[in-house]
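Hi everyone, thanks for making time for this. Could you bring up the structure on your screens so that we can walk through it together?

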Amino acid sequence: LPSLSLPFSMHLIQVDSVQRWMEDLKLMTDCECMCILQSKPISIEKDEQNELILSSQYSTCDNLELLLKRAWIISTELTRIAQKLEKNRWQRVHSITVRVNCHVRSMINEYNTFTRNSSEEMHQFEKLLIDKCSEFTAITERCIQTEDEQILKSMKSCINETLTTVAQYFGQLIELVLTHEAQNLLRQIELSDSMYITESAISSLFSLTQEGAHLCRIIAKEGGVVALFKICRQDCFRCLYPQTLRTLASICCVEEGMHQLEKVDGILCLADILTDNSHSEATHAEAAAVIAQITSPHLTFTQHLSSFLENMEEIVTALVKLCQEASSGEVFLLASAALANITFFDTMACEILLQLNAMKILLAACSDKHIVDTPYSRDQVVTILANMSVLDQCASEIIQGNGVQLLMEMLFERSSSGNSAEVAACERVQQKSAVTLARLSRDPEVADAAVKLSCIPRLIKLCRSPTERNNSDSVLVACLVALRRLAVMSPDGLEDSDFQQLVKPRLVDSFLLCTNMEESFV
């Protein structure tokens with residue numbers, strides 16, 4: 001099969017399959033109509049909107065969404081051609097090729113109805129793609145007119161080569177189109193004094209960022225981060241700060257965005273916004289979201305954020321305050337996620353948090369079910385507790401804030417919806433609460449409190465029952481370690497069989513014993 005990897009990635013919204021089909025149906029049926037008319041364009045009456053002209057006149061965002069949907073259909077059809085070709089289903093290869101031909105022409109016509117100032121290079125690629133699609137259709141048509149296996153076999157490599165070229169031209173054209181649109185939007189943001197035009201352009205830019213990392217790279221390379229931080233430094237656009245920061249957070253998921261942020265002193269700007277009490281809570285929350293993004297432990301390119309360390313104390317202080325004063329669960333989640341990531345980013349953050357009484361603030365927040373209202377929020381809190389628990393001074397803070405009770409409750413964390421993301425968050429909460437208990441139980445007072453709250457029976461249950469830990473190996477390992485630490489402090493809390501199987505053997509042997517229990521339930 002030819003390689004059909006395209007230089008962009010479509011972001012597919014998770015919707016019901018029937019709903020998805022209904023959305024795509026109009027595009028598909030229009031294509032079939034165009035096939036009957038041999039791809040001839042249909043003129044538009046002066047006062048009537050022809051039903052087969054799909055391009056929307058409402059906004060750039062609507063037009064780009066239509067373009068991306070059409071592009072997604074084309075890329076899907078190209079993949080299907082390769083699959084059918086491998087099975088020598090020549091009739092299907094030809095019919096899909098005709099559809100691709102029509103979709104490509106429709107996409108180009110639609111785009112040219114709403115775009116302005118498209119480049120000569122783009123027109124050249126449009127012509128190359130249309131010509132190659134016509135050639136492709138002609139080749140596949142010849143295939144269905146013969147039954148000679150030798151001729152078909154010899155034509156197969158030619159079809160593969162043409163298919164690869166079509167995919168290449170298509171990908172390059174889409175790259176040019178998206179770059180052109182990003183440039184137009186950024187030009188509007190940079191040059192317009194109109195609040196409405198700037199807001200509309202930022203909204204369209206945000207929609208583009210949701211289509212995947214490749215689009216974020218294009219926007220970053222075209223100066224998106226620079227333009228958006230320019231907005232965040234102008235008081236006249238204060239009401240646009242939340243929307244602008246949300247867009248920045250999306251762009252900074254890619255390395256190019258991070259480099260641009262560093263070049264324009266973005267960290268300093270974010271610190272100024274977070275520490276300025278005149279800004280709205282929404283602005284502070286979105287600034288926290290940008291901090292959470294750029295300090296994510298999942299990113300491999302945060303090493304160059306040297307300016308972050310210079311502003312870390314101010315940022316951490318502002319984030320703790322935001323957690324304390326959060327009016328909703330969403331605001332708390334964004335602020336606590338930023339703090340959790342920072343504790344991975346630099347160990348000095350844990351010492352700053354200790355000085356700011358952050359442990360007390362976070363534990364108090366957990367008692368308010370309107371603020372810490374999801375497993376995702378509890379995941380952030382317990383991450384902070386786990387990273388802070390390496391400090392000896394944390395033990396007394398945990399005792400004073402009734403933190404052992406909270407950790408015990410987190411060992412019972414279960415998903416109410418069954419949603420896979422929520423289930424994964426619950427597993428992380430169980431794992432990190434066990435890790436925190438293990439670390440803190442080096443302090444006799446914490447260990448004693450844990451034993452009195454019946455942590456040992458719960459840890460044993462999690463080890464022995466795969467369903468209690470949702471078959472998670474990481475939860476099992478954390479629970480075994482915590483159980484062994486508590487067993488040292490309180491050996492009388494275990495029955496002999498639990499001691500012999502879960503504590504006395506090597507950790508790996510106990511792990512294998514507990515994972516094999518899973519098989520006995522099948």
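A word on the ground rules. This is a predicted model, where local features need pLDDT of at least 70 and side-chain atom pairs count only at pLDDT 80 or more, while totals for chains, interfaces and linings use all residues. Residues are numbered from 1 along each chain as its sequence is written, and side-chain values use heavy atoms, with hydrogens and water left out.

So, the overall picture. The protein chain has 25 helices and zero strands; helices here are DSSP runs of H or I with at least four residues, strands are runs of E with at least two, and both are numbered from the N terminus. Of its 522 residues, 51% count as buried. Buried means under 20% relative accessible area, exposed means over 50%, and partly exposed is in between, using a 1.4 Å probe and protein chains only. The chain exposes about 24800 Å², and carbon and sulfur atoms supply 51% of that area. Areas come from the Shrake-Rupley method with a 1.4 Å probe, and for residues only the protein chains shown count as cover.

What about contacts, meaning heavy atoms within 4.5 Å? Among contacts in the chain with a separation of 6 or more, 73% are between residues 24 or more positions apart.

Now let's look at helix α12, residues 281–294. Its 14 residues reach 20 Å from the first C-alpha to the last, close to the 20 Å expected at 1.5 Å a residue; that expected span is 1.5 Å times one less than the number of residues. How many of the residues of α12 are buried? It's 11 of the 14, so this helix is largely enclosed by the rest of the structure. The buried ones include H284, E286 and a run of alanines, A287, A288 and A289. Their cover includes α9, α10, α11, α13 and α14.

Among the buried residues are Y241, P242 and I251, and the buried set packs against α6, α7, α8, α10, α11 and α12.

On to charges. Side chains of opposite charge can pair when their charged atoms come close. We call it a salt bridge when a side-chain nitrogen of Lys or Arg is within 4 Å of a carboxyl oxygen of Asp or Glu, and the whole structure has 17 of them.

One of them joins R70 and E110, with the closest N and O atoms 2.4 Å apart. R70 sits in helix α2 and E110 in helix α3, so the pair ties together parts that are 40 residues apart in sequence. Both R70 and E110 are buried.

Compare that with D131 and K127, whose side chains meet in a salt bridge at 2.9 Å, N to O. Both lie in helix α4, four residues apart, about one turn of the helix. D131 is partly exposed at 39% relative accessibility, and K127 is exposed at 53%.

D509 and R506 form another salt bridge, with their closest N and O atoms 3.1 Å apart. D509 is partly exposed at 32%, while R506 is exposed at 56%. There is also a network of salt bridges that links E77, R80 and R99.

Finally, a few single residues. N387 is in helix α17 and counts as buried, at 14% relative accessibility. Its side chain makes a polar contact of 2.8 Å with that of T343. A polar contact is a pair of N or O atoms within 3.5 Å; within protein, one must be able to donate a hydrogen and the other to accept it, and residues adjacent in sequence count only if both atoms are side-chain atoms. Beyond its neighbours within four places in sequence, N387 also touches residues including F344, C350 and R439.

Where is L494? It's in the loop between α23 and α24, and it is buried, with a relative accessible area of 12%. Leaving aside neighbours within four places in sequence, L494 is in contact with I456, L483, A487, F499 and V503. The C-alpha atoms of L494 and P457 are 8.1 Å apart, though 37 residues separate them along the chain.

That's my tour, and I'm happy to go back to any part of it.

Definitions and conventions. Contact means heavy atoms within 4.5 Å.
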